[in-house]
Amino acid sequence: FPVTISHADELGVRARMAWEYYYGRLPEPVTSGSSAWVDRSVWEAVNGTLQELVSVFTSGESAVRFAPMDRTDAEGAIAATKLVNKILLRDNQGYNVLHDAFKECLVTRNSFIKRYWGHDKETIIETFEDLTKEELDLYLAQLEGDIDEFTTEEHSDESGNLTGKFSGQVVYTKKKEGVRVEFVPFIVTGK
């Protein structure tokens, strides 16, 4: 039976070979006993270009800038610029996402970044010491999340009298939702 290679298989073969050249594993010596030296031009070219490419997008205050189409659109363009830059560079690891995506694109000629609305939960454990009742109430009111566990102990002096100072631990769940931006590596399996 003739073997057919799908478009995805062809991309995988090209990507695998590109990474082999990048890491200096290809080209292999032509004959047995030949020099094992491999030209690292691909590695040097990618890493030499990568930092410059990433810095174009991340060295200033904004990774992106929206230009207004006319005078009535100026405020919207400024707002969109601020929002997209906040989402990419502050809410997500924009520098790392761009770095990884550009590197893969320079090596394999393909790269993917996905964006989606994400829902995350983070469990946080915090301890507190020597808080008055008022300070403790203020501390608990300022927590951003749902309290799962709360333990407290009131301090006493040498004679056993309560001091009105509290120490303890709070475990709470912080919910975070918003736009997520992630690099999606091109996974090459097999050989």
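Below are my entries on fold, extent, surface and charge pairs.

Entry 1, ground rules. I am working with a predicted model, in which local features need pLDDT of at least 70 and side-chain atom pairs count only at pLDDT 80 or more, while totals for chains, interfaces and linings use all residues. I number residues from 1 along each chain as its sequence is written, and side-chain values use heavy atoms, with hydrogens and water left out.

I looked up the secondary structure and found five helices and three strands, taken as DSSP runs (helices H or I, at least four residues; strands E, at least two) numbered from the N terminus. In sequence order the pattern reads α-α-α-α-β-α-β-β.

The C-alpha trace spans about 90 × 60 × 40 Å along its principal axes. Of the 191 residues, 24% count as buried, where buried means under 20% relative accessible area, exposed over 50%, and partly exposed in between (1.4 Å probe, protein chains only).

I located E104 in helix α4 (residues 94–108). E104 is buried yet has no salt bridge, and K103, the nearest side chain of opposite charge, is 9.5 Å away. Beyond its neighbours within four places in sequence, its contacts (heavy atoms within 4.5 Å) include W19, R109 and F183.

I found eight of them in the structure, each a side-chain nitrogen of Lys or Arg within 4 Å of a carboxyl oxygen of Asp or Glu. D91 pairs with K86, with the closest N and O atoms 2.8 Å apart; D91 is partly exposed at 33% relative accessible area, and K86 is partly exposed at 38%.

R180 and D120 meet at 3.0 Å, N to O. This pair links distant parts of the chain, with R180 in strand β3 (residues 162–184) and D120 in strand β1 (residues 112–131), 60 residues apart. R180 is buried at 8% relative accessible area, whereas D120 is partly exposed at 39%.

K175 forms a salt bridge with D146, with the closest N and O atoms 3.6 Å apart. K175 lies in strand β3 and D146 in strand β2 (residues 146–156), so this pair ties together parts that are 29 residues apart in sequence. K175 counts as exposed at 56% relative accessibility, and D146 as partly exposed at 43%.

Notes:
Lys, Arg positive; Asp, Glu negative; His and termini not counted.
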